[in-house]
Structure formats: structure tokens, C-alpha cells
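Keep the structure open as you read.

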Amino acid sequence: MLPKTYPRKHVAREIYDALTHFKSLVPLMDRYVYNDGNTKNLMSLTGTIPVMFEDQTYNIPVCLWIEESYPQTAPICFVRPTHEMMLIGGQYISNSGEVVLPYLEEWKCGECDLLSLLRVMVVVFGDFPPVCMQPHPEPEQAPCWLQFHKQAEVLSKTDGSMYLDLTCEDDLPFQEHETNC
């Protein structure tokens, strides 16, 4: 799947190592759009990585773009929140979702690799989660007067007195008030 422009054996071995430890990642050739608008078909690892946060495991969606200059240059990494998630920008995540780690900024060919990068991401994201669930808006409620809408009816008792019958929408008696009309 790797084009000849990549150092195929090296990249294939690193991808294999990463996929052995992170089974939900998938290698894909896809179009990457650079900030200047240029596009290029690049290899990517896309999927989720398991991250422990407050004794719970969360699957963080990521995409690692591997350029043809890899391993001389670090991958371009993004957190890709789903529709139910919200990105949390911060020290290690830009507002666009790009992963900004010292490991990437200090990348050294021969010392850094995809598997180690993914492991660093797991640790950092466990301390600084990059996503959270979208808050669900409260269901829109009817105005108060509609929620408690009652049918009022004036009824007579056998002794001639009258009372007000308030019946709920489900036809159960709500309350009776006697009047001396």
C-alpha cells in the first residue's frame, strides 16, 4: 500500500509495530490538506487509542499523518472528535485538534518512532484529556402553564352545594374545592 516515495521497509515495520499494540488503528492512504491549501496523498494511521482517565478507559480518536520524509520528520498528528465529542484545546492540543507534544517538536530520526509516539499520547491524554462529551441540551419543555394544564368543571353535589373539579390531562382527579355558591 505504501508508495515507492516512502522508505517502505522502515515505515511498514513501524506501522506493523504500532498496529500490534494499538489494534483499533487502521493504515490508510488518504488526501492530506496542508495549511496553505496544498494537498497530497499521505499514509495515515486512523482510529482510537485507549486512554485511562480517572480509572475509566476512553477511546480517543486520532489520526497520524506520515509524510514521505518520515522518519526524518515527525508525523502530523490530530485528535478527531466524533459528533458526540467536543475538542478541548490546551497545552498539547491546538484549537484545530493538532497534537502539539514536546516528543513531536523534538523528533529525532533513529530515536523516535510511531509506537513510542502513541504511548506518549496515551500518557499525556490520560493527564490532559483532549476531548469530552458534548453537553446534551435539556429537552425543550412546554411553558409551565401548559405542563400543568387542567380542565375545570363546576359540578353539583346531591345536597345542592357546588364544587370545582380540576382534572389532569390523564383524566385523573386532581383536587376538589367546595364552594358555597
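## The pocket

A pocket here is an open set of grid points where a 1.4 Å probe fits, with protein on both sides within 12 Å along at least five of seven lines. One thing to keep in mind throughout is that this is a predicted model. With that said, the largest pocket holds about 190 Å³ of space.

Which residues line the largest pocket? The list runs Val51, Phe53, Tyr58, Asn59, Ile60, Met85, Phe125, Pro129, Val131, Cys132 and Met133. Strands β2, β3 and β6 (131-133) are the elements that each put two or more residues into that lining. Sort the lining by class and you get 10 nonpolar residues, one polar and no charged ones.

## The sheet

Now for the sheet. Four strands make an open sheet in the order β1-β2-β3-β4, and the pairing is antiparallel. β1 (26-33) and β4 (76-79) sit at the edges, each pairing on one side only. From one strand to the next, the twist averages 35 degrees. In general, strands of a sheet pair through backbone hydrogen bonds, either parallel or antiparallel.

Let's take the pairs in order. β1 and β2 run antiparallel and are joined by eight bridges, with Val33 partnered by Thr39 in β2. Next, β2 (residues 39-53) and β3 (residues 56-66) pair over 11 bridges, in the antiparallel sense.

Most residues other than glycine have a negative phi, and most peptide bonds are trans. Where does this model go the other way? Glu54 has a positive phi, near 50 degrees, in a residue other than glycine. You'll find Glu54 in the loop between β2 and β3, a hairpin with two residues between the strands. The hairpin of β1 and β2 has five residues between its strands, and in that one Gly37 takes a positive phi near 95 degrees.

As for peptide bonds, the one from Tyr70 to Pro71 is cis, with omega near 10 degrees. Pro71 belongs to the loop between β3 and β4.

## Helices on the sheet

Helix α1 (residues 8-21) lies across β1, β2 and β3, at about 25 degrees to β2. Helix α3 (residues 114-127) lies across β2, β3 and β4, and its angle to β2 is about 45 degrees.

How do α1 and α3 pack against each other? Their axes are 8 Å apart, at an angle of about 35 degrees. On the α1 side the contact is made by Glu14, Ile15, Asp17, Ala18 and His21, which meet Leu114, Leu115, Leu118 and Arg119 of α3. By class, the residues of this contact come out as five nonpolar, one polar and three charged.

## Salt bridges

How many salt bridges does the structure hold? There are two. One to look up is between the side chains of Arg13 and Asp17, at 3.4 Å from N to O. Arg13 and Asp17 are separated by about one helical turn because they're four residues apart in helix α1. Asp17 is also one of the α1 residues that meet α3.

Technical notes
Residues numbered from 1 in each chain as written. Predicted model: local features only at pLDDT ≥ 70, side-chain atom pairs only at ≥ 80, totals over all residues. Heavy atoms only, no water. Pairing = 2+ DSSP bridges. Axes fitted to C-alpha atoms, helices over the stretch in contact; angles between N-to-C directions. Contact = heavy atoms within 4.5 Å. 1 Å grid on protein atoms, 1.4 Å probe; cavity = no way out; pocket = protein on both sides within 12 Å on 5 of 7 lines; lining within 4 Å. Points joined across faces, edges and corners; volume = space filled by probe spheres on them. Nonpolar A, V, L, I, M, F, W, Y, C, P; charged D, E, K, R; others polar. Salt bridge = Lys/Arg side-chain N within 4 Å of Asp/Glu carboxyl O.
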